[in-house]
Amino acid sequence: MTDRSIAIDPSAIAASDAGVGDYFALLKPRVMSLVVFTGFSGLYLAPGSLHPVLALTAVLCIALGAGAAGAINMWYDRDIDVLMTRTRMRPVADGRIEPGVALGFGVSLAVASVGLMGLAINLTAAALLALTILFYVFVYTMWLKRRTPQNIVIGGAAGALPPVVGWAAVSGDIGVYSLVLFAIIFVWTPPHFWALSLYRAGDYAKAGVPMLPVVSGAASTKRHILVYSLALFPIALAPALLGFTSLFYGICATLLGGLFLIAAFRVLRQEGDRPARRMFGYSIFYLFMIFATLIVDKALGLVG
């Protein structure tokens, strides 16, 4: 096991050959993009308003917090990242950035993002942002990921919190609607990642990560994907059913959810990696469109 010394050597930062692109990669930009979008969605959908500069600051804090968690994750997981095809070219695993530098970078961003959120926005949003980072780092990365096939189920709470953070940035509290947004992402996360793990099972097995296909097999994983996809369908309709949105959102969510279920059934019934790859790709589009439709629904003023 790689030594996990947390010593941060400032001279290592100065001597590093890493470029701006390597530090940007530390932030996990593809993951961050969805986090920022869902965080902005919570901010936009919340009652009340923020000055545009403060709203931009809140979104920036969410982005920096997500990036901080990603950087610390790469520091901690460098020993298994190097074993997997999907992650072996990450800047820490590949040796382009020293582990201590990555850790220092991540911790600095975490402190800066939470501090700025507290000073510029409010303490509730700052506390929720801190919880998001700490949960991802300590609960998911350090505790669950290498110990249980339920890692992504429980750990998914971290990825589901950004819209709640955005909501709190405007309202100063946690509303029922923000909890519905949390629930959508929380239930979406397992089928999303299990679809990925189906065609990356060999990588996870090599690294000793007990993802569901490695522990329980492909057939069990496919059934789990279907069960969570069925649960996601009514949860994604909840904003319309509870009167937070108009029929427009309800129709769009029904269509998007129907396609999600079709993808899940194809994963269950068809052999090979192609159905899982397609579902993984569609799941990203699905989440983006769900939140984009929520934004459009409010922007059009279709409800009260």
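At what angle do the axes of helix H3 (residues 29-45) and helix H9 (residues 162-171) cross? They cross at roughly 35° and come within 6 Å; axes are lines fitted to C-alpha atoms, for helices over the stretch in contact, with angles from 0 to 180 degrees between N-to-C directions. This is a predicted model, in which local features need pLDDT of at least 70 and side-chain atom pairs count only at pLDDT 80 or more, while totals for chains, interfaces and linings use all residues. Residues are numbered from 1 along each chain as its sequence is written, and side-chain values use heavy atoms, leaving out hydrogens and water.

**Packing of H3 and H9**
- Helices are DSSP runs (H or I, at least four residues), numbered from the N terminus.
- Contact (heavy atoms within 4.5 Å) involves Val35, Thr38, Gly39, Gly42, Leu43 and Leu45 of H3, and Pro162, Pro163, Gly166, Trp167 and Val170 of H9.

**Helix H10**
- Helix H10 (residues 176-199) has 24 residues and spans 37 Å from first to last C-alpha, close to the 34 Å expected (1.5 Å times one less than the number of residues).
- Of the 24 residues of H10, 18 are buried, so this helix is largely enclosed by the rest of the structure; buried means under 20% relative accessible area (1.4 Å probe, protein chains only).

**Threonine 141**
- Threonine 141 belongs to helix H7 (residues 123-144) and is buried, at 2% relative accessible area.
- Beyond neighbours within four places in sequence, threonine 141 contacts Asn73, Tyr76, Asp77 and Tyr136.
- Threonine 141 and tyrosine 76 lie 65 residues apart along the chain, with 7.7 Å between their C-alpha atoms.

Conventions. Helices (H or I, at least four residues) and strands (E, at least two) are DSSP runs, numbered from the N terminus. Buried means under 20% relative accessible area, exposed over 50%, partly exposed in between (1.4 Å probe, protein chains only).
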